[in-house]
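Good morning, everyone, and thank you for making time for this.

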Amino acid sequence: MKPFADLTRFINPRGIAVVGASPRESSQGRRLYENLALHSAAPGEVYPVNPAYEEIGGRRCWPSISNLPAGDIDVALVMVNAARVLDTLKQCVRRGIPYAVVMTSGFSEAGEEGRRLEREIAELCRDTGLHVYGPNCPGFVNVRDRIGMTFSPAFKDDLNSGGIGLATQGGGLGRNLLQGLSHGEGVGLWFSAGNEVDLEIPDFVAHMAADPRIRVIALLMEGVKDGRRLTAALQLARERGKPVVVLKVGRSEAGVRAAQSHTASVAGTAAVNSAVFRQFGAIEVDDLDQLLAVSQLLTRASAKSGNGLCIYTFSGGTAALAADLAGAARLPMAGLAPATQAALAALLPDFASIGNPVDTTADILRNPEASAECLRILCADPSVGTVLYPIPMDYGAITDAMAESIVSVASRTDTLIVPVWMSRRLSAGYSVMERAGLLPFLSLSDAIAALSRAIAWKAEPAPPAALPPAASDARALSEADAKAMLRDAGLPMPAGRIARSADEAAAHAAALGFPVVMKVVSAQILHKTEAGGVRLGIASEDAARQAHAAIHEAVARHRPDTRIDGVLVERMLPPGGREVLIGVHRDAAFGLVMTFGLGGIYVETLRDVAHRMIPLSPEDARALTREIRHVEILDGVRGQAPADFAALEALILRVSDFAWQHRDTLHELELNPVWVGAAGQGAVPLDALLAFQGEARAD
């Protein structure tokens, strides 16, 4: 693996040559030269180089690199025609200039001739030790030391520096990120790599990992040229405690095509990229806003930030919405200490909520001092690591004062305060927080998404809310009774008989025809497999007798108090069918709802289901079967014939009709698995769970 370049003299050069400097108004050569000569604090001399001029801006202009006077020159900035770049770089080698930034375009992004030129530049670098940055790039900016090796007209205005190190493969979006960090913690170094003929993103990451003034590294990548070098650089950053935040373009087919045409690099496979980022501790984000937000939050986060989240606001609806989003994102909510709650209760009205979320109610708006004190109390609670502070509307002077208090409390606590300014009316209060470096979010969902990535939460998230308990009067039928009732309603069921002895089981099996399946019959056991109450593939009378005994023994061990009504013997359906689930449950708001999805072992693992409110139309049944994510399993894969969708849809409609007929008493219905054969073979429930509230009846 190629070693990482030492960029020390590149970052803070003692002298810079600008090849292609120009006095022409609005030319890139003029902007590049003026950014260094007029707007930078470059410690050494800046030499304009252009054979067309004798002087530029009152300084002598040199005809070529070879003609430059003796002295320390660490970097040559090259902005000449692509055909002249290689000769200019060879002059740099002869002059002893160790670094060159090639801003010229027309290389690999332009076709084969450009790719040939890049190969020759790469060979020159390998043979001589010259390091080339670019080509096809906007240059490099050392924001913290105010050195602008760039032709951007915005350089002189984008000088808010800080501990974020930025490396991008695109200039326009890199500038967007730079300007997005115009307040608060800004960018210290910005590398925009271009085509990466020699110096690459990994070189910049490795340098920033070792730079004591860089705290967080943000990457915007369109392609990965050398994955092994990249992971080595990510490992260096992890070892030095530098979080790396990555936005990788090219997660869709369209994105891959765009990235390849833009950077002429290999975009890679999205799933592999993401897996490698996780493996080496990088935080992957979804868009530019998240890249900015997560990077900035990481510079403000403390060791306490991950203790737990507290939501603090003066609007009940906002509190509920924020808590809902946080719960969906599995963020751990802090449990407030009794002393914290007592202190809040002493300041807030009786009708305020002093749990978490904390809803002070709008009554607090009359007392800004109490609002600020409540925030201080929450920040002092050791279980609160981060406070999410949504401000749902702009109230002029009131919210301006609220913003001032947030800034004041934030400056005196190690608890992370994350304000969310939800109104589109950005008044003085928003600007107050932005100038103080808090960078308010504009939406709750954006804030929650950033917090879920930026913070290493120590507390465990609360478990998902339990499903409502079954009705106390719900009565579950045995599988045999459930199947009999459904068969009477016109649903297809496998042929079966109940055996109450081993000999009876053998006789039933022989009569049905081998192979058979045998299952315990008991209204007390809903999940027969877990109880050892199922035996498959029984192919003889002796095997049936043995299975009968084994089922009784296993169930007795699992549930000694279980009443066994017999063993159900059924003819097994042929192999090759697909398994689905059809279920009905009673929703508190919408009544009976049907659930359809992949069944058998896939129910709990894939959780690939779709829902419809009962009663269903034929159009509903058709849409339901095609709404699941993995419908291709039913369509047929690897030459497998499509499933019998017609039979499946007919079964769904029969289940819907049955449920609607028993809508006043039906508590739950589950057919899992349902065997679905190829077209023309039908769809048959293999197991059935049926429960009613009170007595089942037909309307």
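Let me begin with Y33, which is found in helix α2, the helix that covers residues 28–37. Please keep in mind throughout that what you see is a predicted model. Is Y33 buried or exposed? Its relative accessibility is 4%, and because a residue counts as buried when that value is under 20%, Y33 is counted as buried. If we leave aside residues up to four places away in sequence, Y33 touches V18, A21, V46, P48, I56 and R59.

Five strands form an open sheet in the order β2-β1-β5-β6-β7, and their pairing is parallel. Which strands are at the edges? They are β2, residues 45–49, and β7, residues 131–133, each of which pairs on one side only. Going from one strand to the next, the twist averages 20 degrees. As a detail inside this sheet, strand β5 (residues 75–78) and strand β6 (residues 99–102) run parallel and are joined by four bridges, and L77 has V101 of β6 as its bridge partner. Helix α3, residues 82–95, packs on the sheet and touches β1 (15–19), β5, β6 and β7, while its direction makes about 170 degrees with that of β5.

For contrast, let us look at antiparallel pairing. Strand β24, residues 578–587, runs antiparallel to strand β27, residues 666–676, and seven bridges join them. Strand β24 also pairs in the antiparallel sense with strand β25, residues 591–598, this time over eight bridges, and with three residues between them β24 and β25 form a hairpin.

Two packed helices are described by the angle between their axes and the distance between the axes. For helix α11 (residues 316–328) and helix α16 (residues 444–454), the axes come within 10 Å and cross at roughly 35 degrees, and the crossing is right-handed. On the α11 side the contact is made by T318, L321, A322, L325 and A326, and on the α16 side by L444, S445 and I448. Which residues of α16 are buried? They are L444, A447, I448, A449, A450, L451 and A454, and these buried residues pack against α10 (288–300), β15 (309–313), α11, β17 (386–391) and β18 (416–421).

Another helix to look at is α23, residues 645–661, whose 17 residues reach 24 Å from the first C-alpha to the last, close to the 24 Å expected at 1.5 Å a residue. Among its buried residues are F645, L648, E649, L651 and F658.

Finally, we come to the charged pairs. How many salt bridges does a search of the whole structure find? It finds 37, and I have picked out a few of them. R119 and E112 meet through their side chains in a salt bridge of 3.1 Å, N to O; R119 is partly exposed at 44% relative accessibility, and E112 is partly exposed at 46%. R213 and D145 form another salt bridge, at 3.5 Å from N to O. R213 lies in the loop between α6 (201–210) and β12 (216–221), and D145 in the loop between β8 (139–142) and β9 (147–150), so this pair ties together parts that are 68 residues apart in sequence. Within helix α19, residues 541–558, D542 and R545 are three residues apart, about one turn of the helix, and they form a salt bridge whose closest N and O atoms are 3.1 Å apart. D542 is partly exposed at 49% relative accessible area, and R545 is partly exposed at 29%. Beyond such pairs, salt bridges that share partners join E479, K483, K519, K528, E570 and D687 into one network.

Technical notes. Residues numbered from 1 in each chain as written. Predicted model: local features only at pLDDT ≥ 70, side-chain atom pairs only at ≥ 80, totals over all residues. Heavy atoms only, no water. Salt bridge = Lys/Arg side-chain N within 4 Å of Asp/Glu carboxyl O. Buried < 20%, exposed > 50% of the residue type's maximum accessible area, 1.4 Å probe, protein only. Helix = DSSP H or I, 4+ residues; strand = E, 2+ residues; numbered from the N terminus. Expected span 1.5 Å × (residues − 1). Pairing = 2+ DSSP bridges. Axes fitted to C-alpha atoms, helices over the stretch in contact; angles between N-to-C directions. Contact = heavy atoms within 4.5 Å. Left-handed = near helix turned anticlockwise from the far one by under 90°.
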